[in-house]
There are 2 protein chains.
Amino acid sequence: MTELTERQKFILALVVHEYARTAAPVGSNYLVNQYHLEMSSATIRNELAFLTEQGYLRQPHTSAGRVPTEEGYRYFVSRLLQDTTLPEAVRHTISHQFYQTSQDMAEWMRLAASVLAHQSRAVSLVTAPHMRQMRFKHLELIATRGRQVLMVLVLYGGEVRQRMLTLAEAVSQEQLSGSAHRLNVELADKDLNSLAALRATYQGLDCDVLEWVMEELKGASSSAAGEVYLDGMTNLLSEPEFSGSEDARRPLRLLEERSSLQDLLDSVVLTNTSNSAGVQVLIGGEGNWDELRQCSVLLTRFGAPGLATGTLGVLGPMRLPYGRAISTMRFLSSLLSDLVSETMVDE
Amino acid sequence: MTELTERQKFILALVVHEYARTAAPVGSNYLVNQYHLEMSSATIRNELAFLTEQGYLRQPHTSAGRVPTEEGYRYFVSRLLQDTTLPEAVRHTISHQFYQTSQDMAEWMRLAASVLAHQSRAVSLVTAPHMRQMRFKHLELIATRGRQVLMVLVLYGGEVRQRMLTLAEAVSQEQLSGSAHRLNVELADKDLNSLAALRATYQGLDCDVLEWVMEELKGASSSAAGEVYLDGMTNLLSEPEFSGSEDARRPLRLLEERSSLQDLLDSVVLTNTSNSAGVQVLIGGEGNWDELRQCSVLLTRFGAPGLATGTLGVLGPMRLPYGRAISTMRFLSSLLSDLVSETMVDE
DNA sequence: TTTAGCACTCATGTTTGCAGAGTGCTAAGA
DNA sequence: TCTTAGCACTCTGCAAACATGAGTGCTAAA
């Protein structure tokens with residue numbers, strides 16, 4: 001595969017742009033007129049023919065314009081997409097919105113999803129950051145009716161988990177508070193392994209509660225925990241590639257299946273794909289995702305690397321506005337990372 | 001408007017059923033063959049003509065079959081829909097699923113949404129029950145970095161709210177615990193009004209925290225609080241009424257706008273519409289919802305009436321499987337009511 | 001009151017033809 | 001060697017013309 005000339009790169013970029021905008025195959029004459037190019041359509045035709053031969057473009061049929069292939073998009077993303085930054089005004093507006101909402105993680109995630117969906121004109125996926133290694137911070141046990149007890153568990157990082165427990169026998173609030181107090185003193189700052197080591201130390205109520213704490217900790221540290229914030233579904237519906245057959249809507253079905261969605265989000269970093277400075281780009285499912293054969297997915301992480309990270313994602317047709325989507329993701333990622341680290345419970 | 005004969009009711013019901021199944025105008029011959037009726041198609045035609053004249057049916061065009069009108073659906077729901085109950089086997093399966101999941105409200109809501117979406121083949125909407133009158137139960141203050149403090153507020157009813165506070169100046173964990181302890185003792189069981197009355201009693205840190213507690217209580221009691229669990233969006237996409245023009249997808253857009261969605265759910269009980277034993281039926285937006293002109297919405301509440309209630313909803317095309325959807329809602333409502341009251345924090 | 005028969009209507013599907021967009025190729029010009 | 005004007009060719013999209021058939025309303029007889 002020979003290196004492309006500057007002009008060929010330029011034309012490839014134009015085709016990608018134009019196709020993203022119009023969703024219609026782009027022809028040589030059209031390009032010349034639209035961009036007032038300094039060359040004739042015949043020249044463009046020659047270059048288009050070359051790019052087609054190289055596998056970056058294809059023709060839906062003999063006398064149609066060109067459409068980028070998967071390879072074309074990959075080339076575009078990895079080599080032609082210059083590092084665009086969001087305009088200052090946009091950046092300002094976005095961060096303003098974030099600082100205006102209450103300091104609530106769920107609210108931030110919703111806002112991030114909304115902004116990302118708007119900017120990318122596709123579906124956005126956001127998961128709240130969560131700690132890689134969960135550590136116990138504080139426990140609260142609250143008696144309710146009969147043998148039911150509400151357990152509120154605060155973890156380092158500010159995550160709060162609640163759960164209803166059913167005890168073997170009714171226990172008074174005093175006993176519960178006592179148990180909680182003992183455990184709070186002795187479990188503080190411990191991680192799952194350390195807790196497991198301590199298990200033998202306890203008996204009776206304390207032991208049961210410790211079991212539940214560990215269970216909850218385990219649940220919290222599994223990546224499937226936590227909600228996925230979705231926005232912009234309707235963006236996809238207006239796109240022609242999703243209004244066709246039943247088959248065309250498989251990506252949308254994927255979004256409704258929590259488990260598949262989680263798998264997809266988990267594939268960040270694992271898969272090593274076209275990487276555009278921190279943002280991973282999966283084009284056409286990359287062989288692993290049959291449902292996404294027609295789609296592109298952008299993924300990136302935010303938060304404190306290695307400590308507590310969340311995910312930002314975009315799912316849309318292959319003719320995504322990559323530039324804008326990626327720069328928005330980068331910006332949101334750093335913005336959220338700041339917000340999160342500011343409000344994170346100290347070590 | 002004259003009373004319909006039994007046969008006319010029967011035929012109207014058949015048309016509603018058949019149209020719900022096939023989404024195609026139903027004709028006289030088709031009905032006779034499909035249901036092996038003991039009369040000729042001409043007889044059916046006469047009845048169809050009558051029902052059309054009465055406004056219960058209409059013809060898309062001269063030589064097409066009949067389609068129910070809004071009035072037709074209303075008549076069907078309010079007078080022809082016999083009280084169907086979900087088959088025992090289905091009921092068993094569903095409740096089994098509920099008792100298998102962890103006793104976690106969010107998990108239950110998700111499951112309810114999933115079940116309801118499946119059964120109704122439409123979009124389901126579920127909101128967690130929340131107390132009408134919020135009452136303070138327990139408060140926890142946890143120091144984090146600098147002047148940031150995590151406040152965990154437990155309310156009667158088992159609702160837990162968390163929020164990050166920014167204090168005027170850094171305060172030690174001891175001071176925070178002291179403040180929390182004082183407030184816990186004195187605020188226990190108080191509602192928003194009682195708290196407001198106590199405000200003057202406090203000063204310094206305690207006073208600030210009380211302010212925040214009140215703010216949070218206020219937020220919690222507004223109906224906009226809490227998430228809306230959605231499921232089954234893709235069900236709608238396969239329906240022909242939503243695959244047409246951009247306009248046909250307005251109901252789907254509605255689902256992405258939190259505020260409109262909330263308004264819709266809030267309209268339970270307020271609007272007095274075709275009411276099928278506890279389940280409200282809004283057909284064609286009932287004049288208030290322009291976006292829903294082509295849709296039907298079913299709404300019902302569950303939980304402890306007057307104390308803590310959540311909402312179950314279904315949104316779909318007018319040709320909803322009303323029988324199944326409504327009986328599923330009734331069943332889920334009573335199931336969830338039981339679950340909720342079992343695990344609710346005592347009075 | 002029911003129903004067979006019939007004329008009528010109108011959406012749907014198919015064929016046909018045409019205009020237009022876009023191509024590749026060739027040969028002339030820079 | 002690269003560019004470009006010119007041209008023949010291909011294929012889609014669209015519209016008109018036409019046949020098909022589903023479904024109706026009406027009438028008249030059972």
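Trainee: Which residues does Thr84(B) touch, once residues up to four places away in sequence are not counted?

Mentor: Setting those sequence neighbours aside, Thr84(B) touches Gly323(B) and Ser327(B). Please keep in mind that this is a predicted model. Thr84(B) itself is placed in the loop between helix H4 (70-80) and helix H5 (88-100) of chain B.

Trainee: How should I decide whether Thr84(B) is buried or exposed?

Mentor: One counts the other C-beta atoms within 10 Å: 20 or more make a residue buried, and 12 or fewer make a residue exposed. Thr84(B) has 12 such atoms, so it is exposed. Thr84(B) and Gly303(B) are 219 residues apart along the chain, and their C-alpha atoms are separated by 22 Å.

Trainee: How does Asn184(B) read by that count of C-beta atoms within 10 Å?

Mentor: Asn184(B) has 15 other C-beta atoms within 10 Å, so it is partly exposed. Asn184(B) is part of helix H7 (residues 173-187) of chain B. Apart from neighbours within four places in sequence, Asn184(B) is in contact with His138(B) and Leu139(B). Ala42(B) is 142 residues from Asn184(B) along the chain, and 77 Å separates the C-alpha atoms of the two.

Trainee: At what angle do helix H1 (residues 6-22) of chain B and H3(B) pack?

Mentor: For a pair of helices, one reads the angle and the distance between the axes. H1(B) and H3(B) pack at about 85°, and their axes are 10 Å apart. Angles of 65 to 115 degrees count as roughly perpendicular, and H1(B) and H3(B) are therefore roughly perpendicular to each other. On the H1(B) side, the residues that meet H3(B) are Arg7(B), Gln8(B), Ile11(B) and Leu12(B). Their counterparts in H3(B) are Ile44(B), Glu47(B), Leu48(B), Phe50(B) and Leu51(B). By class, this contact has 6 nonpolar, 1 polar and 2 charged residues.

Trainee: How many residues does the largest nonpolar core have?

Mentor: A nonpolar core is read as a set of buried nonpolar residues joined to one another. The largest core here has 132 residues, and Ala112(A), Ala112(B) and Val123(B) have the most contacts inside it. Another core, of 52 residues, lies apart from that one and includes Met131(A), Val152(A), Ala143(B) and Val213(B). Val123(B) touches several residues beyond four places in sequence, among them Leu230(B), Met233(B), Leu255(B) and Val314(B).

Trainee: How many residues does each chain give to the contact between chain A and chain B?

Mentor: The contact takes 32 residues from chain A and 32 residues from chain B. On the chain A side, the elements that give two or more residues are strands S4 (136-143), S5 (148-155) and S6 (160-166), together with helices H10 (233-238) and H11 (250-256). That side of chain A divides into 11 nonpolar, 10 polar and 11 charged residues.

Trainee: Which residues come nearest to DNA strand C?

Mentor: Of the 21 residues around DNA strand C, the nearest are Gly27(A), Ser28(A), Met39(B), Thr62(B) and Ser63(B). Two or more residues each come from H2 (28-35) and H3 (41-53) of chain A and from H3 (41-53) of chain B. H3(A) gives the largest share, 5 residues. The classes are 7 nonpolar, 12 polar and 2 charged.

Trainee: Which residues are closest to DNA strand D?

Mentor: DNA strand D is surrounded by 21 residues, the closest being Thr43(A), Thr62(A), Ser63(A), Gly27(B) and Ser28(B). Here the largest share, 5 residues, comes from H3(B). This surface has 7 nonpolar, 12 polar and 2 charged residues.

Key
Residues numbered from 1 in each chain as written. Chains lettered and ligands numbered in written order. Predicted model: local features only at pLDDT ≥ 70, side-chain atom pairs only at ≥ 80, totals over all residues. Near = placed C-beta within 6 Å. Helix = DSSP H or I, 4+ residues; strand = E, 2+ residues; numbered from the N terminus. Nonpolar A, V, L, I, M, F, W, Y, C, P; charged D, E, K, R; others polar. Contact = placed C-beta atoms within 7 Å. Core = buried A, V, L, I, M, F, W, Y, C linked by C-beta atoms within 7 Å. Axes fitted to C-alpha atoms, helices over the stretch in contact; angles between N-to-C directions. Parallel < 35°, antiparallel > 145°, perpendicular 65-115°, else oblique.
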